[in-house]
Amino acid sequence: MPESFQPPIVNLKSLQILRMIAATSVVYYHIYAQPNFGLFGVDIFFVLSGFVIALVIQNQSSPKQFAINRISRIVPIYWILTTVLFLLICIYPPIVRKSTAETATFFLYLKSLFFVAYYDIGQVKPPLLRVGWTLNYEMFFYACVWLSLILFKKHTSKAILILISGAFIAPFLISSPNIFFQEFFGSHYILEFLLGMLAFYIFNSKSIKIPAILCPFIALCSYAFMAFIDANEISGNRLLFFGIPSGILLLAMLGNENFYAKSSSKLIAVLTAMGDASYATYLSHFFLVEGFKRIACEKLSLFDCYSPSGVIGIIVISLIIGQLLFWIVDEPAHFNCKKYLNRLVIRAHY
């Protein structure tokens with residue numbers, strides 16, 4: 001998910017543009033137009049998250065500051081949107097699909113707020129705000145990093161590798177494995193954080209140098225490969241089909257950072273701003289996409305959501321709403337939450 005760590009390397013324009021690409025991909029996926037692809041935007045986000053966390057580790061972030069940064073970045077807007085959705089369901093259940101309204105209990109609301117994944121009726125159940133399922137993985141990753149910072153200061157990266165790899169392997173070593181643990185911890189998604197960390201060490205060490213002229217081609221090929229696999233519903237190893245290509249895409253985008261940094265193009269500035277707002281866009285787009293499909297398309301027949309113009313219109317409006325939400329809600333909530341948590345820690349210290 002979108003990050004806000006220092007030093008400035010986290011604000012590399014290439015990372016911000018890639019966040020925008022990932023968010024737009026997920027928005028397109030949830031329109032369910034044809035060809036349908038874009039869920040791999042989640043894989044890109046996970047790899048990006050691993051990349052930035054590796055940077056944080058290198059800069060020797062304290063466990064307290066790490067926790068404050070992560071909580072203030074992830075929690076406020078997620079709690080706000082989850083609460084808004086829960087209240088809307090309580091007030092007027094038909095506003096959401098019947099299956100969502102029927103499962104929207106206060107217990108599920110609390111589980112959603114505290115990132116508790118659970119198993120029911122044969123599958124891992126999503127939180128109330130359905131796209132929030134990715135945050136359960138994010139929080140698991142952050143918990144591993146936080147523990148490693150506390151217990152293994154000098155070997156944090158190795159500790160993270162052991163914790164995540166152990167969590168991935170453990171369910172398959174138990175004689176009577178729990179299906180929930182297999183589906184959640186045995187998912188290749190959690191390994192993509194490690195791929196992101198690997199991408200950072202490759203980038204930071206400059207051990208692999210991609211000629212700048214080839215970077216756009218490599219990036220395009222990586223994205224096209226994932227889109228082809230996704231659109232054709234080719235089953236296989238997610239780490240191989242989406243994780244590794246996401247890592248290659250990330251490194252290729254970073255290879256063109258000099259171009260993005262020196263560019264005075266308004267387009268680059270807009271794409272970078274959309275990258276800043278990508279977390280808000282990711283969390284809010286489901287409201288807008290479902291609203292447009294159910295009201296503007298199905299009830300009012302204003303336009304065809306699945307036509308090229310309809311798809312482009314929904315994507316553009318989703319990005320605009322995400323940007324506004326970032327400015328009005330996400331950024332202020334992030335700032336105030338971080339300030340409050342820092343004060344709380346200082347008071348507890350004294």
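Tutor: A cavity is a set of points, on a 1 Å grid over the protein atoms alone, where a 1.4 Å probe fits but cannot get out; a pocket is an open set with protein on both sides within 12 Å along at least five of seven lines; lining residues have an atom within 4 Å of a point. Grid points are joined across faces, edges and corners, and a volume is the space filled by probe spheres set on those points. The model is predicted, so local features need pLDDT of at least 70 and side-chain atom pairs count only at pLDDT 80 or more, while totals for chains, interfaces and linings use all residues. Residues are numbered from 1 along each chain as its sequence is written, and side-chain values use heavy atoms, with hydrogens and water left out.

By this rule, there is 1 cavity of 30 Å³ or more. The largest cavity has a volume of about 30 Å³. Around the largest cavity stand L108, K111, S112, V116, Y118, P126, P127 and N136. Helix α5, residues 106–113, contributes most to this lining, with 3 residues (helices, H or I of at least four residues, and strands, E of at least two, are DSSP runs numbered from the N terminus). By class, the lining of the largest cavity holds 5 nonpolar residues, 2 polar and 1 charged; here Ala, Val, Leu, Ile, Met, Phe, Trp, Tyr, Cys and Pro count as nonpolar, Asp, Glu, Lys and Arg as charged, and the others, Gly among them, as polar.

We turn next to an open space. The second largest pocket contains about 560 Å³ of space. Its lining consists of 20 residues, and those nearest the centre of the pocket are I95, V96, R97, E290 and R294. Two or more lining residues come from each of α3 (63–91), α4 (98–103) and α14 (278–299). Of these, α14 supplies the largest share of the lining, 7 residues. The lining of the second largest pocket divides into 12 nonpolar, 3 polar and 5 charged residues.

For orientation elsewhere in the chain, one loop also deserves a look. The loop between α1 (13–31) and α2 (41–58) contains P35, which is joined to Q34 by a cis peptide bond with omega of about -5°. Y32 is placed in the loop between α1 and α2 as well; although not a glycine, Y32 has a positive phi of about 65°.
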